[in-house]
Amino acid sequence: MTLREMVENSKQIVFFGGAGVSTESGIPDFRSEDGLYRQKYDVSPETMLSSDYFYSHTEDFYRFYRDKMLPLGAEPNAAHKKLAEWEREGKLLAVVTQNIDGLHQKAGSKRVYELHGSVHRNTCLSCGRKFSAEYIARGKGVPRCECGGLIKPDVVLYGELLDDETVNGALRAIRRADMLIVAGTSLTVYPAAGFVDHFRGKYLVLINRDATPLDSRCDLVIHEKVGEVLGNL
Ligand code: NAD
């Protein structure tokens, strides 16, 4: 059966995506050939994006974060747009994403479970005041609130726990889905990668440039660019 036929036969699609969903919008992923992990830094991106590093090397954290994690000019690509269209048509239950770039919402998606948080929410650790991503991008050095408190992005750093409510919502959607499309993720970051194990529906589809540990379990595997594949449907 083709992807188009599977989509036509489904009423409750859930999309589970990762960094590869946004590479066609110009945001590098982590583990591809041109991903952030192949670029040379003195400290690994995994260390720089850890909770320990945020508190112990706050200035260095923000230098890397502003440089690599705040792509504020990026626009949704054909994958983001198709998913928003399916949601409007009542075919798509939810998007579950490991991305923090907010591009699904920018494309018009409403039910988006952001497992790893979002660069668009930032909170003063002292008084709880909220700040935009633009505020963080504009500033220099360590961003501080008027009250003097340190501002932290609401992004799940390595070493931090995922938000319970988001996890429960995402798992509920995946368990209700009749079709799960997994795309643009190397499925190596846990616990998120384990979420696909909760799927009980008809069609499990993977759209990813490189092979993943899930390939052998899928009803359909497409090793192509997700924006091109969904855009052509
Ligand atoms: P990853 O970098 O480990 O894997 C990305 C996968 O996407 C690779 O297997 C690659 O082959 C595939 N890919 C790249 N471009 C593609 C395309 N156009 N079409 C189809 N497949 C494509 O990413 P991950 O599994 O999401 O894990 C990385 C972690 O870092 C996640 O938590 C992620 O949210 C975070 N991250 C987020 C962003 C973002 O918000 N845009 C960017 C980088 C990393």
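1. The side chains of Ser25 and Asn77 form a polar contact with each other, at 3.1 Å. This is a predicted model, and the points below start from that pair.

2. Ser25 sits in the loop that runs between strand E1 and helix H2 (45-48). Is Ser25 buried or exposed? Its relative accessible area is 15%, and the cut-off for buried is under 20%, so Ser25 counts as buried. Leaving aside residues up to four places away in sequence, Ser25 touches Ala74, Glu75, Pro76, Asn77, His80 and Leu103.

3. After the helix comes Gly90, which has a positive phi, near 80°.

4. Helix H5 spans residues 78-88, and its buried residues are Ala79, His80, Lys82, Leu83, Ala84, Trp86 and Glu87. His80 is also one of the residues that Ser25 touches. Which elements cover the buried residues of H5? Among them are helix H1 (3-8), strands E1, E2 and E7, helix H6 (103-107) and helix H9 (226-231).

5. The largest nonpolar core contains 26 residues, and Phe16, Leu180, Val182 and Phe195 have the most contacts inside it. At least two residues of this core come from each of strand E1 (13-17), strand E2 (92-97), helix H8 (164-176), strand E7 (179-183) and strand E8 (203-207). Helix H8 gives the largest share, five residues.

Technical notes. Residues are numbered from 1 along each chain as its sequence is written. This is a predicted model: local features need pLDDT of at least 70, side-chain atom pairs count only at pLDDT 80 or more; totals for chains, interfaces and linings use all residues. Side-chain values use heavy atoms; hydrogens and water are left out. A nonpolar core is a set of buried Ala, Val, Leu, Ile, Met, Phe, Trp, Tyr and Cys residues joined through side-chain atoms within 4.5 Å. Buried means under 20% relative accessible area, exposed over 50%, partly exposed in between (1.4 Å probe, protein chains only). Helices (H or I, at least four residues) and strands (E, at least two) are DSSP runs, numbered from the N terminus. A polar contact is a pair of N or O atoms within 3.5 Å; within protein, one must be able to donate a hydrogen and the other to accept it, and residues adjacent in sequence count only if both atoms are side-chain atoms. Contact means heavy atoms within 4.5 Å.
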